Amino acid sequence: MGEYVLRLARLACPLALAAISTGAGGLRGALAVLGVAAATIAAVNTLLFAKARSRVTLGIFDSYVSADPRELTDVVETHDIVRPPAELSAALAAIGSATASGELSRMGIRSAFIRGPVSVTPGVRVAGPALTLQFLPKREDLYPVEEYEEPEKQLHRHVMYHAQPGDMIVVDARGDMSSGVFGEMMLTYFKGRGGAGVVIDGCLRDTGEAKRLGLGIWIRGATPNFHAQTGIVPAAVNVPVACGGTLVEPGDIVVADDDGAVVVPVKLAPALVASAQEHAEWEEFSRIRLAEGGDLRRYYPLSDEARPEYERWRAEQGRA
């Protein structure tokens with residue numbers, strides 16, 4: 001569109017000069033030519049601005065909107081994540097959040113715990129790669145107000161389009177206690193895609209129905225409001241987020257159970273699994289001895305004096 005404006009300007013200027021050279025009448029003609037050109041350019045600029053403005057209605061997440069600059073066509077595109085091997089997630093699920101957090105601390109990650117969201121599905125323990133969703137403060141001129149207005153521009157839907165079996169959705173909802181990030185229908189879709197659970201630094205709606213879906217759910221609370229009804233809007237998908245004050249990179253493995261949710265960087269996960277499995281084994285042995293009335297000082301943590309006994313127990317279990 002811009003090249004047509006340039007061509008129009010190049011055409012109008014010689015015509016105007018030619019008109020001026022013919023005299024006063026020509027001057028009026030020149031002004032008329034320039035006036036038409038100026039009006040046309042203004043109209044084209046208005047059209048371009050309106051087109052660009054319609055793109056901006058996608059909001060502050062415009063960086064994550066794919067558009068051909070020549071066409072200025074609104075197309076929402078979000079990126080998928082790189083998933084670690086499913087066996088790695090399964091091993092971390094068996095370990096649990098408490099052991100994962102402790103081992104990560106010994107590996108130099110001071111706190112990988114997502115503070116705030118708590119389990120509303122007791123007994124569920126899951127681990128899987130993180131699909132991330134970021135919310136930002138709402139500006140009504142940049143985001144539709146109605147719940148179902150332009151649904152395909154609402155990025156909380158797009159994070160679910162990437163869902164694969166075993167995935168977790170992690171949402172930085174800014175700790176907001178008014179907006180229900182997802183409801184029953186959205187979570188039903190996620191469950192149908194094989195999703196494992198959601199961790200939200202904020203709220204859900206339809207919470208009673210959501211808890212019956214069989215997903216793991218970690219949230220701050222519940223609300224009847226829809227996602228963009230009050231003060232926040234979904235702004236980006238599969239970007240780094242700060243959930244409960246903890247950095248979560250897309251594809252990080254999130255381990256979640258009754259103790260809460262812990263973020264495991266993928267590059268540390270294999271070493272964590274190896275050390276945690278050893279830790280889990282001696283804890284199993286120590287638990288047996290403590291239940292039998294054994295000395296806490298000898299068995300927890302496992303003392304050097306008790307280690308030969310532990311090694312014999314491992315051999316008897318076929319684990320040596």
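Arg307 is partly exposed, with a relative accessible area of 30% (partly exposed lies between buried, under 20%, and exposed, over 50%, with a 1.4 Å probe and protein chains only). This is a predicted model: local features need pLDDT of at least 70, side-chain atom pairs count only at pLDDT 80 or more, and totals for chains, interfaces and linings use all residues. Residues are numbered from 1 along each chain as its sequence is written, and side-chain values use heavy atoms, with hydrogens and water left out.

- The side chains of Arg307 and Glu311 meet in a salt bridge at 3.7 Å, N to O (a side-chain nitrogen of Lys or Arg within 4 Å of a carboxyl oxygen of Asp or Glu).
- The two sit four residues apart in helix α10, so about one helical turn separates them.
- Glu311 is partly exposed at 34% relative accessibility.
- A network of salt bridges links Glu281, Arg307, Glu311 and Arg314.
- Glu309 pairs with Arg298, with the closest N and O atoms 3.0 Å apart.
- Glu309 belongs to helix α10 and Arg298 to helix α9, so this pair ties together parts eleven residues apart in sequence.
- Glu309 counts as buried at 15%, while Arg298 is partly exposed at 29%.

- The structure holds 14 salt bridges.
- One of them joins the side chains of Arg125 and Asp257 (3.6 Å, N to O).
- Arg125 lies in the loop between β4 (118-119) and β5, and Asp257 in strand β14 (residues 253-257), so the pair ties together parts 132 residues apart in sequence.
- Asp257 is buried at 6% relative accessible area; Arg125 is partly exposed at 44%.

**Nonpolar cores**
- The largest nonpolar core has 27 residues (buried Ala, Val, Leu, Ile, Met, Phe, Trp, Tyr and Cys joined through side-chain atoms within 4.5 Å).
- Ile169, Val171, Phe182, Leu187 and Ile200 have the most contacts inside this core.
- Elements that each supply at least two of its residues include β5 (126-137), α6 (184-192) and β11 (232-237).
- A second, separate core of 18 residues includes Ala93, Ala100, Ala112 and Val264.

**Overall fold**
- The protein has ten helices and 15 strands (DSSP runs numbered from the N terminus: helices H or I, at least four residues; strands E, at least two).
- Of its 320 residues, 45% count as buried.
- Residues 24 or more positions apart account for 71% of the contacts with a separation of 6 or more (contact means heavy atoms within 4.5 Å).
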